[in-house]
Amino acid sequence: MAGNSFGQLFRITTFGESHGIAIGVIIDGCPAQLDIDMDFIQSELDKRKPGQSKITTQRKESDIVQILSGVFEGKSTGTPIALLIPNEDQRSKDYGHNVDVYRPSHADYVYDAKYGIRDHRGGGRSSARETAARVAAGAVAKLFLKQQGIEIFAHVTSVGTIEAPNLESNDLSALLNIREENIVRCADPATAHEMIEFIDSVRKDGDTVGGKISCVIKGCPAGLGEPVFDKLHADLGKAMLSINAVHGFEYGSGFAGSELRGSQHNDIPQPKAADSKVFKTTTNYAGGILGGISNGMDITFKVAFKPVATIMHNQQTINAAGEASEIKGKGRHDPCVVPRAVVIVEAMAALVLADHFLRNKTSVI
């Protein structure tokens with residue numbers, strides 16, 4: 001399926017199912033002689049792995065990544081990098097109840113409609129387990145971007161109706177430390193405590209809740225992105241909307257910008273200092289992107305996640321024959337996906353930026 005690959009020059013292809021032997025990713029187009037920091041790649045996977053707190057799924061996966069090719073003596077060789085993550089804690093019996101029954105708001109029916117066959121064990125390829133492969137590839141992209149002075153930071157800014165205040169900081173390392181000190185991965189400690197208590201109460205009710213993740217990209221040079229179909233914000237939107245449970249994407253002022261007048265929304269350029277190569281505006285409603293191309297300001301966007309579809313309540317549904325049926329969620333599932341999705345959002349942003357950075361090398365002689 002062509003839909004298993006993402007990117008043009010920095011291109012990834014993921015493989016594997018939730019309850020298969022392993023999942024993995026092949027990265028094609030990573031430049032040679034990039035230092036491949038395995039400890040960093042593993043630390044990124046540890047942020048996404050299941051079973052890390054009381055408000056995530058209790059499936060136990062170590063997610064220890066293995067490099068099969070493309071790296072020699074700690075450096076990329078310029079050939080395809082293959083990364084493998086074995087599955088260790090599959091409980092396929094937890095899904096015996098939905099062999100012929102469609103779970104509400106899952107991909108069960110549409111997979112049957114498209115392929116005439118589906119893996120009912122955790123949803124197969126439609127499972128969020130697949131995103132571990134993206135995180136591994138995104139970690140490599142982050143290592144490449146770090147060499148270019150580009151940093152990416154995301155955190156949970158809402159759970160249900162609980163909203164975190166806007167945080168203004170140029171010190172991403174400080175925000176990262178605060179974020180990693182709480183299990184919901186919100187960079188505002190007071191809001192994080194409220195979110196954790198709420199998610200836990202939802203979990204005890206056998207229910208789920210959605211939320212939002214905000215992301216900022218700092219140090220991105222002007223000129224990344226294409227003027228028509230591959231606009232930078234369009235590719236970021238495609239990347240985010242490809243993540244399981246994502247139902248919304250906005251960049252810059254987003255939907256709120258539609259409520260403003262042009263005189264309020266225009267970002268006014270500032271005179272550039274003689275020693276500066278950076279373009280600045282007094283505001284950043286554009287979210288760092290103009291005409292689909294980065295302008296050197298911070299790139300900002302938000303991603304909205306729906307509530308997890310599997311709930312521990314009886315629900316009316318249908319079976320494969322179209323007959324009325326009933327189903328109740330079983331097994332181990334996240335009551336809220338956003339704490340583990342933070343690193344997935346960062347990974348997909350990194351893949352987009354790495355791809356466009358390389359593509360931009362062909363723009364001028």
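**Entry 1**

I began with Glu 73, which counts as exposed at 70% relative accessibility (exposed: over 50% relative accessible area; buried: under 20%; partly exposed: in between; 1.4 Å probe, protein chains only). The model is predicted, so I noted that local features need pLDDT of at least 70 and side-chain atom pairs pLDDT 80 or more, while totals for chains, interfaces and linings use all residues. Residues are numbered from 1 along each chain as its sequence is written, and side-chain values use heavy atoms, without hydrogens and water.

Glu 73 is not a glycine, yet I found its phi positive, at about 50°. I placed Glu 73 in the loop between strand E5 (71–72) and strand E6 (75–76); helices (H or I, at least four residues) and strands (E, at least two) are DSSP runs numbered from the N terminus.

I then looked up Gln 33, another residue other than glycine, and read a positive phi near 70°. Gln 33 sits in the loop between strand E3 (22–28) and helix H1 (38–48), and it counts as exposed at 59% relative accessibility. For background, most residues other than glycine have a negative phi.

**Entry 2. Thr 56**

Is Thr 56 buried or exposed? I found it buried, at 3% relative accessibility, in the loop between H1 and strand E4 (66–69). Setting aside neighbours within four places in sequence, I listed its contacts as Gly 51, Asp 334, Pro 335 and Arg 340 (contact: heavy atoms within 4.5 Å).

**Entry 3. Helix H5**

I turned to H5, residues 189–204, and recorded 16 residues spanning 23 Å from first to last C-alpha, close to the expected 22 Å. The expected span is 1.5 Å times one less than the number of residues.

I listed Thr 191, Ala 192, Met 195, Ile 196, Ile 199, Asp 200 and Val 202 as the buried residues in H5. They lie on the same side of H5 because they cover an arc of only 165° around the axis, the arc being that of the directions from the helix axis to the C-beta atoms. The buried residues pack against strand E8 (151–159) and strand E9 (162–163). On the face turned away from the buried side, I found the exposed residues Ala 190, His 193 and Lys 204. After H5 comes Gly 206, with a positive phi near 75°.

**Entry 4. Helix H4**

Which residues of helix H4 (172–179) are buried? I noted Leu 172, Leu 175 and Arg 179. Their arc is only 60° around the axis, which puts them on the same side of H4. I found these buried residues packed against H1, E8, strand E10 (211–218) and H8.

**Entry 5. Helix H3 and its partners**

I examined H3 (131–147) against H8 (338–360) and read an angle of about 50° with the axes 7 Å apart. Axes are lines fitted to C-alpha atoms, for helices over the stretch in contact, and angles run from 0 to 180 degrees between N-to-C directions. H3 and H8 are therefore oblique, since angles under 35 degrees count as roughly parallel, over 145 as roughly antiparallel, 65 to 115 as roughly perpendicular and the rest as oblique. Their crossing is left-handed (near helix turned anticlockwise from the far one by less than a right angle; right-handed if clockwise). Among the residues that meet are Gly 138 and Ala 141 in H3 and Ala 347 and Leu 351 in H8.

For H1 and H3, I recorded axes that come within 9 Å and cross at roughly 140°. This pair is therefore oblique too, but the crossing of H1 and H3 is right-handed. The H1 residues in the contact include Phe 40, Ile 41 and Leu 45, and those of H3 include Val 135, Ala 139 and Leu 143.
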